[in-house]
Amino acid sequence: MSDPRLDQTRDLIALLGSWQLGAGEISTLLQLPAGVRPRQLGRVALSDHPETARRADYLLRIEAALRTSFPRSPEMRRHWVRRASRQFARRAPLQVMLEDGEPGLIAVLSHLDCTFAWDLTGSRSDYQRLGDGD
């Protein structure tokens, strides 16, 4: 029986590999804790480190949103992540995530997934409160 935490970590490794990231970029994106190197990711469950686990979740959600946009083309997903965008002041989404840290991950995910952005603004809870009064 497999461990879901390690399965998620392996999914993340596959994603980062498909984006062709180097060890330094992986460490920066995930804010790996001291003593954890990118090559150890297949053996270490990221959920043991809250900030790293949160970042991993953002990255996996970004990939899920990209799969919706480009369901048949992993190459286009990688291209989108690396291509400069007006949405991000002519920076590539990957550059935004690397330079801006967690807020950059949130910005990219919000751009790709409107439901995430909606939840983030609190609109969902406002909408639910309105529905509760019916």
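**Exercise 1. Work out the surroundings of E102.**

Start with its polar partners: the side chains of E102 and R54 are joined by a polar contact of 2.7 Å. Here a polar contact is a pair of N or O atoms within 3.5 Å; within protein, one must be able to donate a hydrogen and the other to accept it, and residues adjacent in sequence count only if both atoms are side-chain atoms. This is a predicted model, where local features need pLDDT of at least 70, side-chain atom pairs count only at pLDDT 80 or more, and totals for chains, interfaces and linings use all residues. Residues are numbered from 1 along each chain as its sequence is written, and side-chain values use heavy atoms, with hydrogens and water left out.

Next, the side chain of Y58 makes a polar contact of 3.5 Å with that of E102.

Finally, is E102 buried or exposed? With 14% relative accessibility, E102 counts as buried (under 20% relative accessible area; exposed is over 50%, partly exposed in between, with a 1.4 Å probe and protein chains only).

**Exercise 2. Describe how α2 and α3 pack.**

Take the geometry first: helix α2 (residues 23-30) and helix α3 (residues 50-69) pack at about 105°, their axes 8 Å apart. Helices are DSSP runs of H or I with at least four residues, numbered from the N terminus. Axes are lines fitted to C-alpha atoms over the stretch in contact, and angles run from 0 to 180 degrees between N-to-C directions.

Then classify: α2 and α3 are therefore roughly perpendicular to each other (65 to 115 degrees).

Now list the residues: T28, L29 and L30 of α2 meet T52, R55, A56 and L59 of α3, with contact meaning heavy atoms within 4.5 Å.

Technical notes: Helix = DSSP H or I, 4+ residues; strand = E, 2+ residues; numbered from the N terminus. Parallel < 35°, antiparallel > 145°, perpendicular 65-115°, else oblique.
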